[in-house]
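Thank you all for making the time this morning. I would like to walk you through one model, going from helix packing to the chain interface and then to a few local details of the backbone.

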Number of protein chains: 2
Amino acid sequence: MKDLNNYIESNKDRFLNELIDLLKIPSISADTAYSQDVLHTAEAVKKSLTEAGCDNAEICETKGYPVVYADKIIDPNLPTVLVYGHYDVQPPDPINLWDSPPFKPVIKPTKLHPDGAIFARGACDDKGQFFMHVKAVEYMIKNNTLPCNVKFMIEGEEEVGSDSLAGFLDDNKEKLKNDIILISDTGMISMENPSITTGLRGLSYVEVEVTGANRDLHSGIYGGAAPNPINVLAKMIASLHDENNHITIPGFYDKVEIISDEERAEMAKAPFDLEEYKASLDIDDVHGEKGYSTSERFGIRPTLDVNGIWGGYMGEGAKTVIASKAYAKISMRLVPNQDWHEITDLFTKHFTSIAPKSVKVKVSPHHGGQAYVTPIDSIGYQAAAKAVEQTFGKSPVPQRTGGSIPIVALFEKVLESKTILLGFGLDSDAIHSPNEHFGVLNFLKGIETIPYFYKYFAELNA
Amino acid sequence: MKDLNNYIESNKDRFLNELIDLLKIPSISADTAYSQDVLHTAEAVKKSLTEAGCDNAEICETKGYPVVYADKIIDPNLPTVLVYGHYDVQPPDPINLWDSPPFKPVIKPTKLHPDGAIFARGACDDKGQFFMHVKAVEYMIKNNTLPCNVKFMIEGEEEVGSDSLAGFLDDNKEKLKNDIILISDTGMISMENPSITTGLRGLSYVEVEVTGANRDLHSGIYGGAAPNPINVLAKMIASLHDENNHITIPGFYDKVEIISDEERAEMAKAPFDLEEYKASLDIDDVHGEKGYSTSERFGIRPTLDVNGIWGGYMGEGAKTVIASKAYAKISMRLVPNQDWHEITDLFTKHFTSIAPKSVKVKVSPHHGGQAYVTPIDSIGYQAAAKAVEQTFGKSPVPQRTGGSIPIVALFEKVLESKTILLGFGLDSDAIHSPNEHFGVLNFLKGIETIPYFYKYFAELNA
């Protein structure tokens with residue numbers, strides 16, 4: 001593939017402009033106000049796959065947002081790679097913290113990306129990353145170097161739990177048949193320390209509602225006598241962690257995978273600078289479960305975080321009111337062997353049980369997914385590791401990260417194939433935050449690395 | 001005053017229509033978006049005082065919203081009554097819980113007000129109540145039965161802490177000179193059980209901000225390792241009450257007035273039906289400080305309530321984010337001898353001290369006021385009690401309520417006169433809540449009672 005670098009060099013401006021056009025569409029799946037934009041993004045993705053040289057590009061309807069499919073079958077006897085990605089994005093709020101509008105992409109240099117980074121919601125998660133595959137496949141098709149069959153499945157509901165995907169997989173098992181699933185929706189440690197994600201945490205996401213009196217009350221007349229749902233909710237949330245930051249939900253840890261000291265020692269070798277970590281977040285101390293290192297806390301341990309809370313008067317000035325209702329969105333990150341349905345039930349039972357008699361509590365599960373681990377002795381992982389070594393000049397560190405891609409476990413169950421998480425983003429890319437960005441070099445390096453994955457995957461399968 | 005009832009009967013429709021016009025103006029002092037409406041309300045109040053027959057009606061500028069003044073001096077040798085009220089109102093949100101628009105007044109019957117109640121923000125607190133005085137004085141002037149001099153001082157910042165009033169009092173001591181201050185900004189137990197408020201709680205209102213990382217974070221990548229300001233804030237708020245719902249701020253109770261068992265027994269005689277209380281709020285249990293009855297909890301004990309809380313993702317659907325900041329508005333109701341400045345300092349010191357090293361905490365005091373008690377052996381209280389007995393046919397119960405009118409303590413300090421809290425609202429009038437209302441009969445009964453207060457106050461002073 002001697003001409004790969006030339007191809008990238010001579011086309012990189014076009015690659016970037018095509019990505020920027022995609023980033024301009026606010027495909028926020030969590031907010032129905034943007035449903036038309038989500039659908040337009042699906043159209044744009046379909047177009048990009050056709051222009052890349054794929055066949056059978058198609059908008060596949062689901063009960064939710066559609067899945068975009070396309071493929072290039074060159075020889076039924078060759079192995080088939082299924083590329084998964086998502087074209088929907090997280091809501092951009094708090095909008096006022098963005099230095100430039102989230103859907104008006106700009107390229108500017110940062111400390112970690114001196115050659116420039118693309119700033120926009122979805123730049124890294126996941127438009128920028130799945131688009132690397134579109135461009136890598138374009139190269140292989142145009143230069144007749146595609147060594148495997150390839151199928152694309154780009155969905156539009158990843159940020160809201162991929163509700164329609166299970167049904168889509170069930171209905172299209174044959175069409176989606178593959179030998180390996182390739183996903184770029186995770187990160188790597190750094191350009192100098194490439195890594196491949198081998199573990200993902202599961203997720204259980206719930207919303208809780210605490211109701212006190214049947215109406216808002218005057219805090220003077222009722223304060224101290226009537227239940228205050230905000231105070232009650234605060235006490236209930238506080239009680240979910242003990243003084244060592246262990247989660248107090250009965251049974252929560254029962255099935256947590258026990259990791260040997262040897263394995264923990266092995267993982268501890270991955271480069272991690274706590275001072276740099278604290279400095280990058282501008283915090284004086286980390287905050288987590290006693291008995292575990294920071295990387296273990298987000299890598300191998302389950303967690304519980306409140307993602308949003310609201311109730312009472314949030315406006316300007318003061319209002320002496322006792323709210324009738326208080327709300328919180330709470331998510332739990334799970335590790336291998338914890339079943340998210342079971343955890344959601346345990347949470348619901350426990351949270352309801354700790355409510356004082358003076359309030360009413362409602363728990364509504366949002367969505368969830370199982371944790372996943374990629375075996376590093378698999379052909380897929382070996383091919384990915386060789387590809388990274390080829391283009392980064394350094395063999396990658398296998399790494400378990402805290403994020404969740406709930407559908408990875410689903411793929412294994414329904415499509416019976418393993419997933420390789422070949423991500424090129426950095427933790428500092430601020431995905432899900434204001435000023436999300438993706439390094440231009442990371443983007444191009446991804447396009448350069450992917451074809452080698454196909455090459456080695458074909459060879460190792462031969 | 002044989003013709004008093006005839007006057008009310010033949011003018012009540014006009015009284016109601018004039019009040020309704022006043023209620024149509026959204027004089028929300030907490031929200032600067034309504035500043036023009038607040039000023040227009042001051043103009044309308046001035047007009048109503050002139051039309052009632054008062055002299056020297058004037059819009060008195062302050063550093064904030066103006067105070068409306070007017071008087072009727074019939075004889076320097078007669079005692080002078082200073083009527084205080086406020087023309088500003090609380091914000092109406094949550095707006096969607098109103099059955100009719102908060103600033104489109106409607107009159108309809110309720111279970112407790114079979115003859116109809118006026119539904120509007122400010123109907124009871126305090127436009128409807130101070131307007132009773134305007135109409136009562138109108139009657140006395142028009143019928144030459146005014147037995148005292150009267151001065152009106154109607155302000156526009158009561159709902160946001162009366163910041164400008166202290167300065168106004170200092171600058172106008174002579175102009176405001178009086179023998180008794182009369183206020184209708186409180187309630188009574190019921191029409192069958194009239195009561196007069198003899199105690200008011202003080203107030204300290206603060207806003208807190210907890211900051212974790214310098215940006216919102218992905219809860220998967222950072223969850224369990226980086227500080228979550230919402231979880232931290234919940235723990236901090238929860239720790240402000242112990243398992244008996246005592247407030248844990250060191251020194252908080254040091255100066256709390258000790259009330260003798262005899263006095264508590266006396267207060268316990270006021271009719272109070274706990275089952276009815278719970279039923280009216282639709283709660284299965286009350287929630288308050290151990291060792292005290294419900295009426296004691298809001299009457300004689302200090303309390304701490306969160307009036308608002310917010311942080312993270314509050315929108316539709318799910319967002320797996322760890323917020324950078326979480327906020328809460330917290331108010332403490334104080335009892336006699338607790339100094340609100342001192343309590344605010346104690347809160348600030350304590351709240352800052354319990355913050356874990358992983359977050360930064362900011363406490364911003366909003367406003368506050370001292371508690372107040374009216375001696376029931378004073379001439380003013382005796383005159384009010386006789387007036388209520390005259391029109392309700394039953395002698396009123398002296399009652400300490402939980403509300404705060406911070407400036408009452410200020411009046412005593414600066415103007416050196418006592419205040420009589422002659423309120424005609426009911427707890428169920430939902431002040432500060434959606435569907436605030438004021439019974440038409442309560443409104444008219446107030447107009448009927450007030451002239452008798454003047455009569456007896458003049459007689460007792462003679």
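Let me begin with a term: a crossing of two helices is called left-handed if the near helix is turned anticlockwise from the far one by less than a right angle, and right-handed if it is turned clockwise. Please keep in mind throughout that what you see is a predicted model.

With that term in hand, look at chain A, where helix 11 passes helix 13 in a right-handed crossing. The axes of helix 11, residues 379-392, and helix 13, residues 440-461, come within 8 Å in chain A and cross at roughly 135°. Angles over 145 degrees would count as roughly antiparallel, and helix 11 and helix 13 of chain A are therefore oblique to each other. Among the residues that helix 11 of chain A brings to this contact are Ala383(A), Ala387(A) and Phe392(A), while helix 13 of chain A contributes, among others, Tyr452(A), Phe453(A) and Leu460(A). By class, the contact of these two helices has eleven nonpolar, six polar and three charged residues.

In chain B, helix 2, residues 35-51, packs with helix 3, residues 127-142, at an angle of about 25°, and their axes are 9 Å apart. Because of that angle, helix 2 of chain B is roughly parallel to helix 3 of chain B. The contact includes Val45(B) and Leu49(B) from helix 2 of chain B, and Phe130(B), Phe131(B) and Val134(B) from helix 3 of chain B.

How many residues of chain A are in contact with chain B? There are 90 of them, and they meet 90 residues of chain B. The two chains bury about 7,900 Å² between them, with 52% of it on carbon and sulfur atoms. On the chain A side, His287(A), Ile309(A) and Lys319(A) lose the most area to chain B, together 8% of what that side buries.

Now to the loops, starting with Asn245(B), which is found between helix 6 and helix 7 of chain B. The side chain of Asn245(B) reaches the backbone oxygen of Gly288(B) at 3.4 Å.

Finally, the backbone itself: a cis peptide bond joins Asp125(A) and Asp126(A), with omega about 5°, and Asp126(A) sits in the loop between strand 5 and helix 3 of chain A. In chain B, a cis peptide bond joins Asp93(B) and Pro94(B), with omega about 5°. His432(A), in the loop between strand 17 and strand 18 of chain A, has a positive phi near 70°, although it is a residue other than glycine.

Conventions: Residues are numbered from 1 along each chain as its sequence is written. Chains are lettered from A and ligands numbered from 1 in the order in which they are written. This is a predicted model: local features need pLDDT of at least 70, side-chain atom pairs count only at pLDDT 80 or more; totals for chains, interfaces and linings use all residues. Side-chain values use heavy atoms; hydrogens and water are left out. Axes are lines fitted to C-alpha atoms, for helices over the stretch in contact, and angles run from 0 to 180 degrees between N-to-C directions. Helices (H or I, at least four residues) and strands (E, at least two) are DSSP runs, numbered from the N terminus. Angles under 35 degrees count as roughly parallel, over 145 as roughly antiparallel, 65 to 115 as roughly perpendicular and the rest as oblique. Contact means heavy atoms within 4.5 Å. Ala, Val, Leu, Ile, Met, Phe, Trp, Tyr, Cys and Pro count as nonpolar, Asp, Glu, Lys and Arg as charged, and the others, Gly among them, as polar. A polar contact is a pair of N or O atoms within 3.5 Å; within protein, one must be able to donate a hydrogen and the other to accept it, and residues adjacent in sequence count only if both atoms are side-chain atoms. Buried area is the accessible area (1.4 Å probe) that two parts lose on being put together, summed over both.
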